[in-house]
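Here is a short report on one protein model. Look at the picture first, then read on.

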Amino acid sequence: MERDRVAVVANEPVGPYRLLRLKRGGLEPGTPGQFFMLEAPGRLLPRAFSLCLATPNELGFLFEPVGRGTRALAALDAGETIHVAGPLGNGFDLAVEQPLLVGGGIGVAPLPYLSELLGSPPALLGFRTEHHAEAADLVPNAEVVLEPTLVTEALPEDPGDVLACGPEAMLDALEALAPGAQLAREAPMACGYGACYGCVVERDGTYVRLCVDGPVLRGGGTHGSPTGSLLPAAPPRILDGAPAGQSPAPPATVDLRAADGAR
Ligand code: FES
(Lines give C-alpha, C1' and ligand atoms only; values in the text may rest on other atoms or scores of the structure.)
Protein backbone atom coordinates (compact mmCIF):
# COMPACT_ATOMS: atom_id res chain seq x y z
CA MET A 1 0.00 0.00 0.00
CA GLU A 2 1.29 3.44 -0.94
CA ARG A 3 0.01 6.91 -0.26
CA ASP A 4 0.56 9.74 -2.68
CA ARG A 5 -0.82 13.13 -3.60
CA VAL A 6 -1.84 12.93 -7.22
CA ALA A 7 -3.34 15.28 -9.78
CA VAL A 8 -6.70 15.01 -11.50
CA VAL A 9 -6.27 14.34 -15.21
CA ALA A 10 -9.97 14.48 -16.06
CA ASN A 11 -13.37 14.16 -14.39
CA GLU A 12 -15.81 12.86 -16.97
CA PRO A 13 -19.52 12.02 -16.92
CA VAL A 14 -20.46 8.44 -17.76
CA GLY A 15 -24.26 8.45 -17.72
CA PRO A 16 -25.13 9.60 -14.17
CA TYR A 17 -21.74 8.46 -12.89
CA ARG A 18 -18.34 10.17 -12.89
CA LEU A 19 -15.05 8.71 -14.09
CA LEU A 20 -12.30 10.40 -12.10
CA ARG A 21 -8.96 9.93 -13.85
CA LEU A 22 -5.94 10.55 -11.67
CA LYS A 23 -2.24 10.59 -12.36
CA ARG A 24 -0.79 7.34 -11.15
CA GLY A 25 2.08 8.88 -9.20
CA GLY A 26 3.74 6.23 -7.04
CA LEU A 27 0.60 4.09 -6.77
CA GLU A 28 0.34 0.53 -8.05
CA PRO A 29 -3.03 -0.60 -9.42
CA GLY A 30 -3.07 -3.85 -7.46
CA THR A 31 -5.53 -6.67 -8.08
CA PRO A 32 -9.01 -5.94 -9.48
CA GLY A 33 -11.47 -5.67 -6.62
CA GLN A 34 -8.96 -4.09 -4.26
CA PHE A 35 -9.79 -0.53 -3.28
CA PHE A 36 -8.23 2.86 -2.72
CA MET A 37 -9.02 5.55 -0.17
CA LEU A 38 -9.52 8.88 -1.95
CA GLU A 39 -9.43 12.18 -0.10
CA ALA A 40 -12.78 13.93 -0.50
CA PRO A 41 -12.04 17.66 -0.42
CA GLY A 42 -13.65 19.38 2.54
CA ARG A 43 -14.66 16.13 4.22
CA LEU A 44 -13.10 14.58 7.31
CA LEU A 45 -12.81 11.02 6.00
CA PRO A 46 -11.59 9.62 2.69
CA ARG A 47 -13.91 7.51 0.54
CA ALA A 48 -13.23 3.94 -0.59
CA PHE A 49 -13.42 3.09 -4.29
CA SER A 50 -12.35 0.06 -6.26
CA LEU A 51 -10.14 0.72 -9.24
CA CYS A 52 -12.00 0.93 -12.54
CA LEU A 53 -9.25 1.55 -15.08
CA ALA A 54 -5.47 1.41 -15.03
CA THR A 55 -3.03 2.68 -17.62
CA PRO A 56 0.72 3.13 -17.27
CA ASN A 57 0.12 6.77 -16.31
CA GLU A 58 -3.39 6.90 -14.83
CA LEU A 59 -5.78 5.30 -12.37
CA GLY A 60 -9.50 5.70 -13.01
CA PHE A 61 -12.34 5.54 -10.46
CA LEU A 62 -16.01 5.30 -11.37
CA PHE A 63 -18.51 6.50 -8.77
CA GLU A 64 -21.99 7.90 -8.35
CA PRO A 65 -22.22 11.37 -6.77
CA VAL A 66 -24.79 10.61 -4.10
CA GLY A 67 -23.34 12.12 -0.90
CA ARG A 68 -21.16 14.94 0.33
CA GLY A 69 -17.89 13.12 -0.32
CA THR A 70 -18.71 11.83 -3.77
CA ARG A 71 -20.16 15.20 -4.78
CA ALA A 72 -16.92 16.86 -3.65
CA LEU A 73 -14.97 14.42 -5.79
CA ALA A 74 -17.32 15.02 -8.71
CA ALA A 75 -16.52 18.74 -8.48
CA LEU A 76 -12.76 18.27 -8.86
CA ASP A 77 -11.19 19.90 -11.89
CA ALA A 78 -8.18 18.80 -13.89
CA GLY A 79 -4.98 19.89 -12.20
CA GLU A 80 -6.35 19.78 -8.64
CA THR A 81 -4.66 17.27 -6.35
CA ILE A 82 -5.91 14.83 -3.72
CA HIS A 83 -4.33 12.24 -1.44
CA VAL A 84 -4.88 8.63 -2.47
CA ALA A 85 -3.89 5.50 -0.53
CA GLY A 86 -3.93 1.94 -1.80
CA PRO A 87 -4.36 -0.65 -3.07
CA LEU A 88 -6.07 -2.12 0.01
CA GLY A 89 -8.02 -5.26 0.84
CA ASN A 90 -8.36 -8.49 -1.10
CA GLY A 91 -9.27 -8.53 -4.76
CA PHE A 92 -10.65 -11.17 -7.09
CA ASP A 93 -8.88 -14.49 -7.55
CA LEU A 94 -7.92 -14.37 -11.22
CA ALA A 95 -7.21 -18.12 -11.47
CA VAL A 96 -10.57 -18.93 -13.03
CA GLU A 97 -11.30 -21.13 -16.05
CA GLN A 98 -14.65 -19.84 -17.28
CA PRO A 99 -15.11 -16.31 -15.95
CA LEU A 100 -18.43 -14.50 -16.13
CA LEU A 101 -18.38 -10.93 -14.83
CA VAL A 102 -21.65 -9.76 -13.30
CA GLY A 103 -22.35 -6.18 -12.28
CA GLY A 104 -25.29 -4.20 -11.01
CA GLY A 105 -25.48 -0.40 -11.17
CA ILE A 106 -22.36 1.31 -9.87
CA GLY A 107 -21.12 -2.18 -9.03
CA VAL A 108 -19.81 -2.16 -12.59
CA ALA A 109 -16.92 -0.04 -11.28
CA PRO A 110 -14.23 -2.73 -10.81
CA LEU A 111 -15.21 -4.73 -13.89
CA PRO A 112 -13.34 -2.82 -16.65
CA TYR A 113 -9.98 -3.44 -14.95
CA LEU A 114 -11.00 -7.01 -14.10
CA SER A 115 -12.05 -7.60 -17.70
CA GLU A 116 -8.74 -6.32 -18.99
CA LEU A 117 -6.73 -8.69 -16.81
CA LEU A 118 -8.95 -11.67 -17.67
CA GLY A 119 -8.85 -11.06 -21.44
CA SER A 120 -12.34 -9.59 -21.92
CA PRO A 121 -14.54 -12.50 -20.80
CA PRO A 122 -18.34 -12.33 -21.13
CA ALA A 123 -20.06 -9.88 -18.80
CA LEU A 124 -23.65 -9.49 -17.68
CA LEU A 125 -24.63 -6.04 -16.42
CA GLY A 126 -27.86 -4.76 -14.94
CA PHE A 127 -28.93 -1.11 -14.70
CA ARG A 128 -31.95 0.94 -13.70
CA THR A 129 -32.16 2.96 -16.92
CA GLU A 130 -30.56 3.41 -20.34
CA HIS A 131 -28.80 6.45 -18.91
CA HIS A 132 -27.13 4.36 -16.18
CA ALA A 133 -26.33 1.69 -18.77
CA GLU A 134 -23.94 4.08 -20.54
CA ALA A 135 -21.38 2.72 -18.06
CA ALA A 136 -21.58 -0.62 -19.88
CA ASP A 137 -19.43 0.92 -22.62
CA LEU A 138 -16.48 0.55 -20.24
CA VAL A 139 -16.84 -3.25 -20.15
CA PRO A 140 -16.13 -5.16 -23.38
CA ASN A 141 -18.24 -8.16 -24.35
CA ALA A 142 -21.11 -7.14 -22.07
CA GLU A 143 -24.78 -8.09 -22.25
CA VAL A 144 -26.99 -5.47 -20.61
CA VAL A 145 -30.35 -5.91 -18.92
CA LEU A 146 -32.52 -3.06 -17.66
CA GLU A 147 -34.98 -3.08 -14.78
CA PRO A 148 -37.36 -4.72 -14.24
CA THR A 149 -35.22 -7.54 -15.64
CA LEU A 150 -32.62 -8.70 -13.12
CA VAL A 151 -29.18 -10.04 -13.92
CA THR A 152 -30.07 -13.21 -12.04
CA GLU A 153 -32.89 -13.80 -14.54
CA ALA A 154 -30.42 -13.52 -17.41
CA LEU A 155 -27.78 -15.74 -15.82
CA PRO A 156 -26.89 -18.74 -18.03
CA GLU A 157 -27.79 -22.19 -16.72
CA ASP A 158 -24.09 -22.93 -16.28
CA PRO A 159 -22.67 -19.52 -15.33
CA GLY A 160 -19.13 -20.78 -14.83
CA ASP A 161 -16.89 -18.80 -12.51
CA VAL A 162 -18.94 -15.78 -11.45
CA LEU A 163 -17.08 -12.65 -10.37
CA ALA A 164 -19.55 -10.00 -9.30
CA CYS A 165 -20.04 -6.59 -7.78
CA GLY A 166 -23.32 -4.84 -7.10
CA PRO A 167 -26.11 -4.31 -4.60
CA GLU A 168 -26.37 -6.64 -1.62
CA ALA A 169 -29.63 -8.17 -2.82
CA MET A 170 -28.08 -9.00 -6.19
CA LEU A 171 -25.01 -10.55 -4.58
CA ASP A 172 -27.12 -12.59 -2.16
CA ALA A 173 -29.21 -13.91 -5.06
CA LEU A 174 -26.07 -14.75 -7.04
CA GLU A 175 -24.61 -16.53 -4.04
CA ALA A 176 -27.63 -18.82 -3.99
CA LEU A 177 -27.54 -19.46 -7.75
CA ALA A 178 -23.77 -19.76 -8.17
CA PRO A 179 -22.14 -21.17 -5.03
CA GLY A 180 -18.47 -20.30 -4.96
CA ALA A 181 -19.02 -17.02 -6.81
CA GLN A 182 -16.58 -14.27 -5.95
CA LEU A 183 -18.59 -11.35 -4.65
CA ALA A 184 -17.20 -7.84 -4.07
CA ARG A 185 -19.22 -6.48 -1.16
CA GLU A 186 -19.55 -2.97 0.18
CA ALA A 187 -19.76 -1.44 3.64
CA PRO A 188 -18.97 1.99 5.04
CA MET A 189 -15.23 2.32 5.46
CA ALA A 190 -13.59 4.97 7.61
CA CYS A 191 -9.99 3.77 7.86
CA GLY A 192 -9.56 1.12 5.17
CA TYR A 193 -6.97 -0.93 7.07
CA GLY A 194 -8.78 -2.76 9.85
CA ALA A 195 -8.66 -0.29 12.73
CA CYS A 196 -12.13 1.26 13.04
CA TYR A 197 -14.47 -1.77 12.67
CA GLY A 198 -16.83 0.42 10.67
CA CYS A 199 -16.98 -2.16 7.88
CA VAL A 200 -17.86 -5.26 9.92
CA VAL A 201 -20.36 -7.60 8.27
CA GLU A 202 -21.64 -11.00 9.29
CA ARG A 203 -20.67 -13.97 7.15
CA ASP A 204 -21.92 -17.43 8.09
CA GLY A 205 -22.10 -16.55 11.77
CA THR A 206 -18.68 -14.93 11.82
CA TYR A 207 -17.89 -11.25 11.79
CA VAL A 208 -15.39 -9.99 9.23
CA ARG A 209 -13.96 -6.60 8.42
CA LEU A 210 -14.58 -6.09 4.73
CA CYS A 211 -11.56 -3.82 4.34
CA VAL A 212 -9.07 -6.53 5.35
CA ASP A 213 -11.04 -9.79 4.87
CA GLY A 214 -12.71 -8.55 1.67
CA PRO A 215 -14.05 -6.66 -0.13
CA VAL A 216 -14.13 -9.77 -2.33
CA LEU A 217 -15.61 -12.75 -0.51
CA ARG A 218 -16.44 -16.10 -1.98
CA GLY A 219 -20.01 -17.32 -1.83
CA GLY A 220 -20.19 -19.54 1.23
CA GLY A 221 -18.00 -17.18 3.22
CA THR A 222 -14.51 -18.07 2.08
CA HIS A 223 -12.35 -15.40 0.61
CA GLY A 224 -11.05 -14.12 -2.68
CA SER A 225 -7.34 -13.78 -3.15
CA PRO A 226 -5.29 -13.64 -1.03
CA THR A 227 -7.02 -15.12 1.99
CA GLY A 228 -7.45 -12.81 4.97
CA SER A 229 -7.84 -13.65 8.63
CA LEU A 230 -11.28 -14.09 10.16
CA LEU A 231 -12.33 -12.33 13.32
CA PRO A 232 -13.54 -14.45 16.21
CA ALA A 233 -17.23 -15.30 16.24
CA ALA A 234 -17.89 -12.84 19.06
CA PRO A 235 -18.92 -9.45 17.68
CA PRO A 236 -16.54 -6.58 18.34
CA ARG A 237 -18.00 -4.01 20.70
CA ILE A 238 -16.54 -0.86 19.27
CA LEU A 239 -19.92 -0.25 17.67
CA ASP A 240 -22.83 0.63 19.92
CA GLY A 241 -26.56 0.85 19.38
CA ALA A 242 -27.10 -2.36 17.41
CA PRO A 243 -25.32 -5.69 16.94
CA ALA A 244 -22.21 -5.52 14.83
CA GLY A 245 -22.48 -7.30 11.54
CA GLN A 246 -25.26 -5.27 10.03
CA SER A 247 -24.56 -3.87 6.62
CA PRO A 248 -24.39 -0.94 6.36
CA ALA A 249 -22.71 -0.98 9.75
CA PRO A 250 -24.71 0.37 12.68
CA PRO A 251 -23.84 3.69 14.29
CA ALA A 252 -20.64 3.66 16.30
CA THR A 253 -20.24 5.34 19.68
CA VAL A 254 -18.54 8.12 17.74
CA ASP A 255 -19.82 7.49 14.24
CA LEU A 256 -17.36 9.39 12.10
CA ARG A 257 -18.76 7.89 8.92
CA ALA A 258 -22.28 9.13 9.64
CA ALA A 259 -21.02 12.52 10.79
CA ASP A 260 -19.06 12.91 7.57
CA GLY A 261 -21.79 11.63 5.25
CA ALA A 262 -22.10 8.03 4.06
CA ARG A 263 -20.67 8.59 0.59
FE1 FES B 1 -11.91 0.55 9.33
FE2 FES B 1 -12.58 -1.64 7.93
S3 FES B 1 -12.75 0.42 7.33
S4 FES B 1 -11.90 -1.54 9.96
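In which sense do strand E13 and strand E14 pair, and over how many bridges? They pair in the antiparallel sense, over 4 bridges.

## About the model

This is a predicted model: local features need pLDDT of at least 70, side-chain atom pairs count only at pLDDT 80 or more, and totals for chains, interfaces and linings use all residues. Residues are numbered from 1 along each chain, as its sequence is written.

## The whole chain

The protein chain has 6 helices and 15 strands. Both are DSSP runs, numbered from the N terminus: helices are H or I with at least four residues, and strands are E with at least two.

The chain holds 263 residues, and 46% of them count as buried. A residue is buried if 20 or more other C-beta atoms lie within 10 Å of its own, exposed if 12 or fewer, and partly exposed in between; the C-beta atoms are placed from the backbone.

Residues 24 or more positions apart account for 62% of them. Two residues are in contact if their C-beta atoms, placed from the backbone, lie within 7 Å.

Strand E13 covers residues 200-203, and strand E14 covers residues 206-209. Two strands pair if DSSP finds at least two bridges between them. Val200 stands opposite Arg209, and Val201 has Val208 as its bridge partner.

## An open sheet

Seven strands make an open sheet. The order is E4-E3-E7-E1-E2-E6-E5, with antiparallel pairing. Strand E4 (47-50) and strand E5 (53-54) stand at the edges. Each has a single partner strand, so one side of each is left without a neighbour in the sheet.

Further in, strand E1 (residues 2-14) runs antiparallel to strand E7 (residues 81-88), and 6 bridges join them. Ala7 stands opposite Thr81 in E7. In a regular strand the side chains alternate between the two faces of the sheet.

## Gly89

Gly89 lies in the loop between E7 and strand E8 (99-104). Is Gly89 buried or exposed? Gly89 counts as buried because 30 C-beta neighbours lie inside 10 Å.

Leaving out residues up to four places away in sequence, Gly89 touches Gln34, Phe35, Cys211, Val212, Gly214 and Pro215. Gly89 and Tyr193 are 104 residues apart in sequence, but 7.7 Å apart in space, C-alpha to C-alpha.
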